[in-house]
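Hi,

Here is the structure I said I would pass on.

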Protein chains: 4
Amino acid sequence: MLRFSSSLPVDCRLWRYDIRGSLAHVEMLGAQSIIPTEDANTIAAGLRELEGRLERGELGFAEADDEDIHSFVERELTQKIGPVAGKLHTARSRNDQIALDVRLYLKDALRAAQTEVRALQAALIARADEHFDAILPGYTHLQRAQPVLLSHHLLAYFWMLQRDFERLEECFARADVLPLGAAALAGTTFPIDRQRVAKALGFARVSRNSLDTVADRDHLLESVSALSLVALHLSRLGEELVLWSAPEWGFVRLADRFSTGSSIMPQKRNPDSMELVRGKAARVFGDFSALWSLVKGLPLTYNRDLQEDKEPLFDAFDTVIASLQISRGVIETATFNAEKMRSVAGGGFATATDVADYLVRRGIPFREAHEITGAAVRLCENTNRELWDLTLEEWKELDARFDEGVLESVKVEGSVAGRQSEGGTAPQRVREQLEEARTLLAG
Amino acid sequence: MLRFSSSLPVDCRLWRYDIRGSLAHVEMLGAQSIIPTEDANTIAAGLRELEGRLERGELGFAEADDEDIHSFVERELTQKIGPVAGKLHTARSRNDQIALDVRLYLKDALRAAQTEVRALQAALIARADEHFDAILPGYTHLQRAQPVLLSHHLLAYFWMLQRDFERLEECFARADVLPLGAAALAGTTFPIDRQRVAKALGFARVSRNSLDTVADRDHLLESVSALSLVALHLSRLGEELVLWSAPEWGFVRLADRFSTGSSIMPQKRNPDSMELVRGKAARVFGDFSALWSLVKGLPLTYNRDLQEDKEPLFDAFDTVIASLQISRGVIETATFNAEKMRSVAGGGFATATDVADYLVRRGIPFREAHEITGAAVRLCENTNRELWDLTLEEWKELDARFDEGVLESVKVEGSVAGRQSEGGTAPQRVREQLEEARTLLAG
Amino acid sequence: MLRFSSSLPVDCRLWRYDIRGSLAHVEMLGAQSIIPTEDANTIAAGLRELEGRLERGELGFAEADDEDIHSFVERELTQKIGPVAGKLHTARSRNDQIALDVRLYLKDALRAAQTEVRALQAALIARADEHFDAILPGYTHLQRAQPVLLSHHLLAYFWMLQRDFERLEECFARADVLPLGAAALAGTTFPIDRQRVAKALGFARVSRNSLDTVADRDHLLESVSALSLVALHLSRLGEELVLWSAPEWGFVRLADRFSTGSSIMPQKRNPDSMELVRGKAARVFGDFSALWSLVKGLPLTYNRDLQEDKEPLFDAFDTVIASLQISRGVIETATFNAEKMRSVAGGGFATATDVADYLVRRGIPFREAHEITGAAVRLCENTNRELWDLTLEEWKELDARFDEGVLESVKVEGSVAGRQSEGGTAPQRVREQLEEARTLLAG
Amino acid sequence: MLRFSSSLPVDCRLWRYDIRGSLAHVEMLGAQSIIPTEDANTIAAGLRELEGRLERGELGFAEADDEDIHSFVERELTQKIGPVAGKLHTARSRNDQIALDVRLYLKDALRAAQTEVRALQAALIARADEHFDAILPGYTHLQRAQPVLLSHHLLAYFWMLQRDFERLEECFARADVLPLGAAALAGTTFPIDRQRVAKALGFARVSRNSLDTVADRDHLLESVSALSLVALHLSRLGEELVLWSAPEWGFVRLADRFSTGSSIMPQKRNPDSMELVRGKAARVFGDFSALWSLVKGLPLTYNRDLQEDKEPLFDAFDTVIASLQISRGVIETATFNAEKMRSVAGGGFATATDVADYLVRRGIPFREAHEITGAAVRLCENTNRELWDLTLEEWKELDARFDEGVLESVKVEGSVAGRQSEGGTAPQRVREQLEEARTLLAG
């Protein structure tokens, strides 16, 4: 039963937060004269000494059989300073102590995740800048649709990550609330000063309702949900890099360190890193599923079920942070094969819509424009050519209203350059995007 | 295959948004001279006429076998105004049209959900105010822990819903981005004015990257995730009301309209409404699960899988909005049995911690305070009394340091009144909470 | 509230089962003299008349505002035959009536799903037979690994579906239990004959414990779980057909009816059908998620939450049955491009492992064999050839122990033919598989 | 990257299976003369020596930085016996090696889970036998509905677990298939004898298709799904024991070792063990969610994503096995308060339906019977009595057709005894159930 119910193997990683929280609490107990100042000082000194031992690795958790990190700290503290250690628990319960530890952890973890999001965004910007003009086919239904800039494609991920960053920021704001002071569930009869503790620990606000404070797991759920979206974005990036690494595509070659090879099949390079990133997204979703169904239908306030909230939380952060780091490394070191991309970018008459648009812009009705374009495509098919192989004479034969402009519009570069609408793939627009992205990162 | 692939039975409910979006688009096409003004006017008139027929129920979707709502509108429009209808699709694709429809729907749906959240919050405030002084046991582990105010308990749900409201607001801000103009995926060669369309349709911003715009489902995912947290909160409220309706509790009696009875067992009142609210939370989670695993690992940009995104979205909003309405009705009409609550609030020596705190405040060490309190409890157990039945003499016999204060602290009302810490259950604190809640609602 | 709590829009599709169950119940009531035989006959006649009207579409559910299908039937029956209709409910409750309806539905639905599984298996066998000798690259990590037979690849899906079939069979066996007779939850005081009803309705057994009978949702959960695995397999098939339809692969061309094209981009064929199959898998998983979290933590026996069990159940069957039908249609009509497959099957020195195996079989240590093979591959790379382009002389120069056998082993056909291990891709083995598969289907 | 991609910390627990599988493989290689017998013997001896060191704890995984358990074994083996170790990998790949390890583990784990299911079933039977006659209210909607035997209630869980046992058995049968021999994905050119290896390792069958063998994760998915149902059942048991432990119920008192108390609130006993069991169900569901979404949409055959399959598998087994053990301990040691149960079993006029049934059996129409019963209940309500307090005269005044039989039917014991239908709560029926359960356990 002890093994079943102990949370120490999981929550021991909260030790720094547990001690930090206790230091702020005991300082306040002294300042409010809830316990004598000398006792507060003794306890604080004991906590700092314990912190040092743990920091220096002189003490570990492997052999401890305490029920949780609080018991561990309490036992060690008592061994050091004696029964006065018990006063640390004045006006506090384990319920709000663990709530505090988790919020302190969560704030750090959210910041760490945001840092990695920013780093991946920076890598995307750098590669987009480097390969600014490279053209590849844009896909719908995994069919080549229209040529686009590689930089435009890479920046698509920038904006996904930008939304991720915002969501994590909003999670941070809601996590930034001091729970300590809810005590068992109803508040305490001691004259505690929650604002003082909040200030000491860097919380923006204190919680408003003690019952809600003890029962609430929203900050875990929304953070893991936000992480599951980060993971979802990375799974899409992973899918694309796996596809692009396939010999059928050949758009990219991952660096050695992010792929595995075969001693006798030199061209076989398995994009293991991004397969793992894609796969690991699933566990983050599993973490959210576990958390959501854990809380469903639980009455207020604390139920022991909630002890199970920490593993999925830690796992989601560990997984997403590592996946972001790996993805960044992959992006930074990947070799893009712009030539191969360019060679297929115009295939499948990918610029046919440009011809139709060209005609429509000249006042020809949509339906007629499509018919004329279809005829041009059929001509190319029958003669095994691409649209840019047709001469102006041939165009004019198809329809007298064609002029030299059509020769530009059917070119891959012309097609790309033409998409000048806001957010479009024309170089000018993508350059603006890139600058906007840089500004956001800098800000 | 048509039945398998048609989305009309699902997306027909987007018809208002589809027409509204087309009106804004065609107005812009005219203004930008992309199509002649008279054509734009003809199309706009045709769209308005169609809107009127649908509004008045003169036209329905049951017999239509179009593939989607766009085809339906296009076919009807063409029947009315002829081939000029085709010009509506200049500089637009179905991919960004459906993206627009969904965002218009989403913004309305988010506001509707927020309105219902606010209404339930208001109901909670009203009942908290009405039963301000009622006392019930606060629970941990479903064991009575310490007495708390019913108003404090009801307000715990206010704060959960407040976070829900904030999350929905943040979802709204990120949904408030015009996607139209991404065209197939790369932007368009026509000189469209996206800002004009955004303004006409009330969008705060336009999207920055056409590929991301077509591929992005974040706004659906984060909205359904936020709804799943609303549902989670309601499932907890449901659980509590089901428990409180059980004869073992008898804390509440749901109104007839929200419960079902038995003709021959008059005391049996099934809290069906809140059981359903609890159960329906599961389907919202199912909606999120479907959406998340739908998008996982999809390459950019549009893949037909994404057509499956609308049913879970609609279902989540329909379910949560209805669950909020039912919950509000239940809260507004429930009869709380304050007498029953009060009668058990002090049971199980729920004020024993108050005695211990009382002693600690008088300078007695924690451990000793606990020992003395334990002795008092045992005395009561042995003589089949409660703590408030002990006389001052009996207290002094237990320990000479007791004085009259203890008699107050062991009373249920004294226990509640004593928890003056910020966010605690003392009436003064709860009154502040109530005012803060009212201010938030008003704001 | 009525709209919120009514289940008629969902459970009306159970009407056949509801009437069938009532017919068996009332026949038994008469036979056991629990109600007079003439009453039983009157009720049975009334039920049959109602069945006829519903069958012929003379009566519908759209305008009805009954709470559920049982109320609908009861009301209609009473209108027809008067108060005697009430006797139908002797020794029966709605709880076990709906449990019966669902089990009757479930048995039919499981059989229907099995039929579709079998049909897809048959299609796979037929196409495997037709293209028995076609060779394509086998992939790991989406990299070409070793050449395999297309028939071998198609049969891989046969075995997945075979396990699906078995699981559905096991679900059927556990669903094949009569619940009727549990009454409200404790059994009934009337001398009912459950075996008689079971026999009349074709159930193999009757349930053993009335409380479990009312509370149990295992048969729904395990069926939807089994369906989620079917859907998972189809999602993998979908992914592969989408990849193979991409111009980068070009291994397959889906029939017109299962893909959508572009009027002006004739080579663009979107594999919409299989994208939808892949996407719809997600909703089946969503159905399971909803069901699982619905039941989690519910006490015995019936709780109204459980009313929410039917929509995910119906949706899972509808979705998977349709997905199987579409997948079968796609497989039956797809055009495989064996030439394209063959042309890339040996690329990337995919037969290099065959050279190494050849050497090991001749007694050369593994490591040395790999070194020699690596040298051969490098020679090919440097001279821009494939392994089969090397002459015997060149092989012997690389290592004197090579003989004519190597020339066969490096050929794609030789590589395939050599993998004679049980379950391997050698034609002889695949032929055995095909026969075994046929036998299983026939049995 | 190594930390990100290494699976050793997870798959090291498969070491026994890895060595056992290698022993069978190398024995076959020797017997088939694929490698010299002396080499096979050397390798086997080296493997056994390594097994011994690991068994005795002379070697651990903590300091190893190998990529996976196979690399670890290979490295250690090579250190011991030199390059001949390399021959172990003849005709085998890591893909089918890990597939083998997992199946060997899975078979053991399934048996272990079944053993624990059986043990919990035995505990339920023992307690049902012990408290055979105890009566408690049966609940629907958490409202008291009809009195039932506690033994009947406990046996409801027996049947849930019986279905669990069957499902695990079916999972076992499908897991009992040798994968080894699929090699990289296509089979091998070496003359391996898969039947021999299957026999040596105790597998019932060998897999039929090498591609399917490498890609298949069904056995993991269906096992974790089956475990999620076990966990779901335990979550319901947990919910009930938590409710019954609440002072409002007071039906049960968990043993000290399975609950936690309060030094100063002696009556507060938190049912932590069963709260944790309820909560841990969520993580098993999370494991299934992770596995399902991991595999969704993956093409054949091996993709590195699949490395992520082991943690959810191990976690699900560990969690469910521990939860079964804890639940058994709780059931074995719980103190049921039969007196408290009995005292509320008849409350709320729970035997009113018995009166109505009594009347119906005497030929009185259902509706009239309900009216008469309703009058009796109202009489009791008005005079603050229970139905069993009414005298025969009072019954006859309500309706002349009452006779002495009614006095028996309104008694709680009479109500229970009357529910003689198959599967009902009458003692005779429950006794039969108990015997059937015993027989199933014995078998």
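Predicted model: local features only at pLDDT ≥ 70, side-chain atom pairs only at ≥ 80, totals over all residues.

**How the copies are arranged**

Chain C superposes on chain B by a rotation of 180 degrees with 0.0 Å of shift along its axis, at an RMSD of 0.1 Å.

Residues are numbered from 1 along each chain as its sequence is written, chains are lettered from A and ligands numbered from 1 in the order in which they are written, and side-chain values use heavy atoms, with hydrogens and water left out.

Now chain D. Chain C goes onto chain D by a rotation of 180 degrees with 0.0 Å of shift along its axis (RMSD 0.0 Å). The two copies are thus related as by a two-fold rotation axis. In chain C, the C-alpha nearest this axis belongs to Ser225(C), at 3.5 Å. Here too, 100% of the interface residues of chain C are interface residues in chain D, so the copies meet through the same surface.

**Aromatic rings**

Over all chains, the structure holds 50 aromatic pairs. Rings of Phe, Tyr and Trp (its six-membered ring) pair if their centres lie within 6.5 Å; planes under 30 degrees apart count as stacked, over 60 as edge-to-face and the rest as tilted.

One of them joins Trp249(A) to Trp249(C), edge-to-face, at 5.7 Å centre to centre and 70 degrees between the planes. This pair crosses between chains, and each partner sits in the loop between helix 10 (218-245) and strand 5 (252-253) of its chain. (Helices, H or I of at least four residues, and strands, E of at least two, are DSSP runs numbered from the N terminus.) Trp249(A) counts as buried at 1% relative accessibility, and so does Trp249(C), at 1%. Buried means under 20% relative accessible area, exposed over 50% and partly exposed in between, with a 1.4 Å probe and protein chains only.

Phe285(C) and Trp292(D) make a stacked pair, 4.7 Å centre to centre with 10 degrees between the planes. That pair also crosses between chains, from helix 11 (residues 272-295) of chain C to helix 11 (residues 272-295) of chain D. Phe285(C) is buried at 0% relative accessibility, as is Trp292(D), at 0%. Ring pairs link these two into a cluster that includes Phe288(C) and Phe288(D).

**Helix 19 of chain C**

Helix 19 (residues 427-442) of chain C has 16 residues. Its buried residues are Arg429(C), Val430(C), Gln433(C), Leu434(C) and Ala437(C).

Cheers

Note on methods: Expected span 1.5 Å × (residues − 1). Least-squares fit on C-alpha atoms with pLDDT ≥ 70 in both. Contact = heavy atoms within 4.5 Å.
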